[in-house]
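I kept them in the order in which I went through the structure.

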Amino acid sequence: MSRKNHSADSLSLASNANDTTGPGDVSNEGSVFAACQTSSRLLANIRRMAPMIAARAAEIEAARRVPLDLVETLRSIGVFRMLAPKSHGGLELELWAVLKIMAALAKIDGSFGWAAMIGSGASLFASLLPRRRTTKSTGTAPT
């Protein structure tokens, strides 16, 4: 199998990857609806990724790891921020939505779904970390 670089195609999947709407967003009326939109967007991106992942299943198996361009694609669409709290830049999705997304990934390729689950699960600990401080004058993080 050729080791074609799929990252350009992969990164184009993310539509509004900075979307952080989800449950708990008190500034957004209908936050449950927003969470459904966010999980629906993730699922749509995963469906578009499915042929690319399936075509590379043998490569994933042989290398015994997920290629970095596919990991970057998961990152860019927000898979690794699903469980992180909004206060720490996460999507803060409900468990039912996360399980649906993980099931969709696992259906494409079991080991790929497992790797995504492990990668996204680590963000559960984000709430134990200090929030990113911002400067009052610019609203950005200090350099």
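Entry 1, burial and surface. I began with burial in this predicted model, and I noted that 36% of the 143 residues in the protein chain are buried. I then looked up the accessible surface, which comes to about 8600 Å² for the protein chain, with 59% of that area belonging to carbon and sulfur atoms.

For the secondary structure I wrote down six helices and zero strands, so that, given how helices and strands are counted as DSSP runs numbered from the N terminus, the order reads α-α-α-α-α-α. I also looked at contacts between residues with a separation of 6 or more, and found that 66% of them join residues 24 or more positions apart.

For helix α5 (residues 95-108) and helix α6 (residues 110-121) I noted an angle of about 145° and axes 5 Å apart, and the crossing of α5 past α6 is right-handed. On the α5 side the contact is made by Met102, Leu105, Ala106 and Ile108, while α6 contributes Gly110, Phe112, Gly113, Ala116, Met117 and Ser120. When I sorted the residues of this contact by kind, I had seven nonpolar, three polar and no charged.

Which residues does Val79 touch, leaving aside neighbours within four places in sequence? I first placed Val79 in the loop between α4 (68-77) and α5. Val79 counts as buried because its relative accessibility is 0%, and the cut-off for buried is under 20%. The contacts of Val79 that I listed are Leu42, Leu74, Met102, Leu105, Ala116 and Ser120; of these, Met102, Leu105, Ala116 and Ser120 also take part in the contact of α5 with α6. I also recorded that the C-alpha atoms of Val79 and Met117 are separated by 8.7 Å, although these residues are 38 residues apart along the chain.

Is Ser123 buried or exposed? Ser123 sits in the segment after α6, and its relative accessibility of 11% is why it counts as buried. A polar atom of the Ser123 side chain lies 3.3 Å from the backbone nitrogen of Ala84.

Notes:
Residues numbered from 1 in each chain as written. Predicted model: local features only at pLDDT ≥ 70, side-chain atom pairs only at ≥ 80, totals over all residues. Heavy atoms only, no water. Helix = DSSP H or I, 4+ residues; strand = E, 2+ residues; numbered from the N terminus. Buried < 20%, exposed > 50% of the residue type's maximum accessible area, 1.4 Å probe, protein only. Contact = heavy atoms within 4.5 Å. Areas by Shrake-Rupley, 256 points an atom, 1.4 Å probe, with all protein chains shown as cover. Axes fitted to C-alpha atoms, helices over the stretch in contact; angles between N-to-C directions. Left-handed = near helix turned anticlockwise from the far one by under 90°. Nonpolar A, V, L, I, M, F, W, Y, C, P; charged D, E, K, R; others polar. Polar contact = N/O pair within 3.5 Å; in protein donor to acceptor, adjacent residues only side chain to side chain.
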